[in-house]
Amino acid sequence: MSKILLYGVGSYKNRGVEALIKTTLDLLAGDITIATFDYDYNKNFYTDKAKYIKHRVTDMELTEKDIEKLNNLYKEKNFKEVEKLYQKEVIAEIKNSDICISIGGDNYCYKNNDWLFVIDEEVKRQGKKLILWGASLFENIDDAALANDMNLFDILLLRESISYNAIKEFVPLEKLLLAPDPAFALEKKKVTIDDFYKKGKVVGINVSPLTILNASEEDERFKEVINLINYILKHTKYKVALIPHVATDEGSDMDVLSAIYEKFKGNKKVFLEKDIYDASEIKEIISKCEMLITARTHASIAGYSTCVPTLVIGYSVKSKGIAKDLFDTYDNYVIPSEELKNNKLIDNFIWLNKNKKMIKEHLQEIIPVKIKEAKELYNKVNDKIAFNEKNSICSKNKCIGCGLCLNKCPKGAISFEEDKLGFRYPIVNKELCISCDLCKKVCPVNEQIPRDKIKRLCYACKNKDDEVIAKSTSGGIFSIFAEKVLAKKGVVYGAYQENTSVKHIRIDDIKDLDKIRGSKYAQSNLQEIFSYLKQDVLDNKYILISGTPCQIGMFK
């Protein structure tokens, strides 16, 4: 049975987090541990399916030894190790896990991702399977650290096409899956609802502190919501239910909804729902609405998946992407929160009301497909991992771009492509490939030397010639070796930079030594030297090769 770690989990008081976890637990098969930032609250839920650990320990939970180490790390400004210390329960659980799933939904939609990067890197350092689950990212990826982190994952499961199209510029397509948010498959749970929903048609409204920053008349977005409710009460026969979806201490929807309710206190056509219901119960309540206007992503998913025409007040790419995948456009279905002014909300409500029949019929047709896809997610991920392991030469984040696989392929089925970050990676033409697996057998990444077999010998020296040192990057040692080899009629291979490109070249004359002195801080193309190197070996030449440790491993 697989041991699975889910991490990046917030509080279930955010019913979107709960919906994501509940539906994911229904899909997974294995011994499951959940790392959560709200341990005290979450530990009481779904205990038959998972155990819980603290995502980030407090200073009070650190040992004296930890505190001493922490102080030293702060002095050294080694913040990565600081984060590892606070995440020590998660780091320890990685060792006990076979599969690690980053399941935060939109955790990566924000800029403070260092804590995630630390965990992701640790998972891969320990050689575990790493999956990004039901996530959104950005409309455009402009952060190299994020792009590099995404390449660590074995599979990235994106829940909407805008994020998918943004990240595919940086990550091989074979690692990517586009599929609905697992919460589309969340089952409704019967709950005794207020008579308010039974007497007349109801428009559900959900807003949050993320969209309305100041719940007063001074806030233009707040006034937009008040104006919308006034419009509904005056110009339609609908009633209005204010439905909270997040009840966390630091960002409860009730803070905003209560302020809105105060404006209509005493009006029997406006109802403030309680915040005591779980995700499945809130989905049942939302399903009783004629239409839904919401700022919370998983409230919108509850609306869509129960075929309720839904308008989203969006604050990130996720709302636009999910709507686009359902309706081929997010126009009219999503209002960016910054555009919430000049009665824009009323205009979009009028459009939604006018087109509700068409929208409902469309959802009734497409939602069963989305729910079916959501229920098959984990099987799809496992199938994708198995396929990639069978068909890839090596993992992209470990590939050194040496080109040995290309050189060894008997059918010329391998070519190299450069991604947007400048890293070269082999692509296999399946039509030419004969599945001989020679590429995998010669790959130095796959031929790992056991640590206990490595002889750890260290030497230090420095060239006595100051003129050579001035032309070198550090101690000028390479020049000493190269001169000795060339003096014996040998050949030297090293990295040569021309403009911004770096490649390895062959020299047999000391006059050319300057070309390959000094470090080049870019990946070197090795492909041009293989034929020369092979002939030099056959000719029993005395050979010196300069390169990175992984390149030397490949040459050996």
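View 1. A cavity here is a set of points, on a 1 Å grid over the protein atoms alone, where a 1.4 Å probe fits but cannot get out, and lining residues have an atom within 4 Å of a point. The volume is the space filled by probe spheres set on the points, which are joined across faces, edges and corners. Residues of the lining include His-245, Lys-283 and His-298. Helix H12 (297-305) gives the most, with three residues. Helices are DSSP runs (H or I, at least four residues), numbered from the N terminus. This is a predicted model, in which local features need pLDDT of at least 70, side-chain atom pairs count only at pLDDT 80 or more, and totals for chains, interfaces and linings use all residues. Residues are numbered from 1 along each chain as its sequence is written, and side-chain values use heavy atoms, leaving out hydrogens and water.

**View 2. The largest cavity has a volume of about 90 Å³.** Of its 16 lining residues, the closest to the centre are Cys-399, Cys-402, Cys-405, Cys-443 and Pro-444. Helices H17 (404-408) and H18 (438-442) each supply at least two residues of this lining.

View 3. Asp-66, Leu-70 and Leu-73 of H3 are buried (under 20% relative accessible area, with exposed over 50% and partly exposed in between; 1.4 Å probe, protein chains only). Seen down the axis of H3, the buried residues fall within an arc of 65 degrees (taken from the directions from the axis to the C-beta atoms), so they line one face of the helix. On the other side, Glu-64, Lys-65, Glu-68 and Lys-75 are exposed.

Conventions
1 Å grid on protein atoms, 1.4 Å probe; cavity = no way out; pocket = protein on both sides within 12 Å on 5 of 7 lines; lining within 4 Å.
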